[in-house]
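Hi everyone, thanks for coming. Have a look at the structure on the screen, and I'll walk you through a few parts of it.

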Amino acid sequence: MIHNIDLEHLRPYGDQLNDGVIQLSFTLPVPQGAKAREAAKKLIESMGFSDVQIVHSEDIGEDFTFFVIYAKTTGYVNYKEIKTLEVEVPKMGMEEINEKVFKYLKRQIVVVGATIGSDAHTVGLDSILNMKGYHGDSGLERYKAFKVYNLGSQIPPVELVRKAREYKADVILVSQIVTQRDIHIKQLTELADILDAEKLRDKVLLIVGGPRITHELAVELGYDAGFGAGTMPSEVASYIVEKMVKIS
Amino acid sequence: MRLELDGEMIERARKLAKEVTDEVQKFIGLRSTDSVERTVARLFGIDGVNSEGAPLPNVVVDDVKAGGGLKRGISYWIANGCVAKNLDPQKLAEAVGRKEFSLVKLPPQNEDLVAEKMDELTAKAIEKIESVRDKRDKMLEELGDPKKPYIYVIVATGNIYEDVIQARAAVREGADIIAVIRSTAQSLLDFIPYGLTTEGYGGTYATQANFKIMREALDDIAPKVGRYVRLTNYASGLCMPEISAIAALEGLDMLLNDSMYGILFRNINMMRTFVDQYTSRLICAFSHITINTGEDNYIKTSDPIERAHTVTTSQLINEQFALKAGMDPKYMGIGHAFEIDPDVENGFLYEISHALLTRTLFPYATPKYMPPTRYMTGNIFKGYAQNTLYNLVSIMTDQSIHLLGMLTEAIHTPLVQDRYLAISNAKYVFNNAASLGSEIELKKDGFIQREAQKVLENAVSLLEHVKEVGLMTAIEEGTFADISRRMDEGKGADGVFIKSEDYSNPFIEEIERVLGVGR
């Protein structure tokens with residue numbers, strides 16, 4: 001970390017320490033012009049910004065105006081008081097994971113994965129589960145330690161729970177990528193509720209992943225862990241093994 | 001910029017693809033499906049829902065199916081019912097919807113009268129579609145076809161009225177094609193929802209009423225911007241031919257329509273999809289609706305370089321299925337995509353090579369080029385750069401239908417400014433590099449030439465294998481997108497049946513006759 005930071009009053013760094021510069025872009029549903037620019041400026045000021053510079057405003061059709069703005073925030077945070085919930089993952093390699101599982105559990109860990117509800121995107125799920133993995137990091141299917149059932153996309157939570165029971169799942173992995181109006185929250189909650197009702201919740205490790213997922217949100221929704229964008233398959237594998245070995 | 005490909009090998013590839021699809025077509029010819037029959041019901045004028053909200057085309061087909069008569073074709077039962085009850089198809093369907101009688105229980109009427117009725121309903125249906133088609137063709141001619149690549153954007157608010165606002169803004173900014181994304185999972189519904197809708201997730205329900213609203217909005221704005229604006233929707237699920245029918249009735253210009261997408265990505269039964277795609281494409285071919293095939297999806301799941309030849313193979317198969325449905329190549333939007341990992345050295349050269357291969361193999365088609373999605377991240381600034389390179393490949397290689405990449409891909413459905421930024425990027429690149437492709441001569445035996453030739457060779461080997469084992473077994477083997485589907489599995493299998501000796505479908509026969517295909 002650079003010198004002389006006042007961590008109790010942390011502010012954005014643009015061009016120099018503590019300048020508080022933030023870039024913003026948004027659209028107002030009014031025609032382009034002086035009035036629209038003034039409205040944008042006032043709006044930004046109302047959010048606690050100063051030195052508002054409208055560097056670009058443009059008519060983008062049908063009386064919509066697009067803005068690019070730089071402004072300085074007057075706010076700050078006390079970095080020292082920040083507490084976050086993160087998944088604590090001891091990094092393990094594939095061999096280590098396989099060994100550990102057969103040494104302590106003496107069987108494969110059964111993982112059932114799906115995207116639930118309306119989400120049709122399997123990119124995230126596949127990059128964690130498929131052999132090929134993500135950026136050279138192999139997916140769970142390649143580990144001897146895991147037996148993977150990838151159910152694919154748009155699986156109703158009820159169906160996922162049924163399959164989890166059928167396959168005697170140790171781990172349920174759900175992915176939620178594209179969402180609108182927070183429907184992912186509803187679907188994730190529904191899954192957790194069904195597991196509770198079916199008395200399965202305590203028998204499985206329940207994990208969710210996706211670009212809008214944080215560990216904190218996952219825990220709040222009753223999940224064991226949440227993984228955000230850029231998570232590698234080996235991180236998820238390490239987490240599962242660590243937890244499973246601990247439970248046993 | 002020209003690829004020097006082995007001409008004999010191209011011919012060989014086409015011949016193999018033809019033989020592969022000839023085999024499948026034999027299965028298709030013997031069968032029909034619930035959705036094919038519902039399509040006929042719709043085209044005979046049946047629409048609306050019963051008091052329980054079930055669409056009447058489903059009601060009549062299910063009624064005949066329950067009575068064991070569907071093997072004969074819905075055309076016969078509707079015509080017989082119309083004669084018996086002296087009602088038009090809509091009134092007849094409404095009565096069936098009220099459970100007043102079952103179509104199969106009505107006494108068989110004079111054969112000549114029933115045949116006459118079928119012919120009359122067929123003629124009316126064809127006339128309706130023709131008049132919509134001719135109106136579109138005329139409007140296209142009058143307003144002028146925009147320059148290619150056509151700028152294609154998506155709206156997906158869930159609310160058709162909100163979609164209209166965003167579509168109009170996009171057209172003002174320069175969009176040539178508006179696609180209204182369907183509400184997620186609609187493709188798995190075995191019926192088409194009825195009426196206009198304002199609630200949907202990740203998209204807006206494809207309904208005839210929604211089609212009409214968007215069509216009117218685009219036709220209203222087109223003269224104001226001085227160019228024809230195309231409307232697109234999706235015909236890839238369990239209602240593939242039915243969607244084509246309502247698209248034909250409402251004057252849509254394009255449909256996503258792939259001969260295998262439903263099987264692979266929606267786990268729809270193989271036979272169901274093959275039979276449905278045929279009827280669906282007949283309607284598209286007849287109505288001058290451009291199909292967009294879905295090869296871009298393969299390389300979202302399998303490796304875009306190693307498996308590039310599966311894209312080519314599928315393109316050739318899609319082309320042959322379309323030809324079997326009497327489609328003019330200019331209505332074939334052959335699909336492919338820019339999906340290579342941005343960290344790959346010379347990834348841009350691979351992309352040029354693959355895109356040019358598609359262009360070269362299908363000189364009379366209108367290739368549909370799809371943007372990066374797989375390696376898009378939350379870093380919207382990098383994403384914008386990726387889309388710039390994608391736009392550059394498209395203009396260099398002379399693509400026709402160009403779906404714009406969104407900088408917020410993989411984050412949320414596009415905000416109004418995301419679409420604007422995408423359009424301005426494309427317009428900038430298309431204008432700035434307008435003649436780049438025609439200025440460049442590719443190095444003989446250089447990277448781009450060799451890669452394209454290699455993909456073609458691999459496609460031919462794969463087609464040889466597919467020919468050997470048959471397309472259905474090849475799909476079981478996981479040839480496409482690394483996804484394996486078995487012949488007997490998948491959704492909608494119970495909606496496929498073998499036609500009986502006395503099966504009749506005069507509507508389909510008539511458009512087959514006009515298009516010069518079929519028996």
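Let's start with a helix of chain B, H20(B): its buried residues are covered by, among others, helix H2 (34-43), helix H4 (74-85), helix H6 (111-143) and helix H11 (270-287) of chain B. Covering here rests on contact, that is, C-beta atoms, placed from the backbone, within 7 Å. Helices (H or I, at least four residues) and strands (E, at least two) are DSSP runs, numbered from the N terminus.

A quick word on the source: this is a predicted model, where local features need pLDDT of at least 70, side-chain atom pairs count only at pLDDT 80 or more, and totals for chains, interfaces and linings use all residues. Residues are numbered from 1 along each chain as its sequence is written, while chains are lettered from A and ligands numbered from 1 in the order in which they are written.

Which residues of H20(B) are buried? They are B:Pro506, B:Phe507, B:Ile508 and B:Ile511, in a helix that spans 506-515. Buried means 20 or more other C-beta atoms within 10 Å of a residue's own (exposed is 12 or fewer, partly exposed in between), with C-beta atoms placed from the backbone. Just after H20(B) comes B:Gly516, with a positive phi of about 75°.

Now zoom out. Chain B has 20 helices and 11 strands, and 56% of its 519 residues are buried. Its C-alpha atoms fill a box of roughly 75 × 55 × 40 Å along the principal axes.

Finally, where the chains meet, chain A gives 19 residues to the contact and chain B gives 22. On chain A, strand S1 (21-28) and helix H3 (123-129) each give two or more.

Conventions: Two residues are in contact if their C-beta atoms, placed from the backbone, lie within 7 Å.
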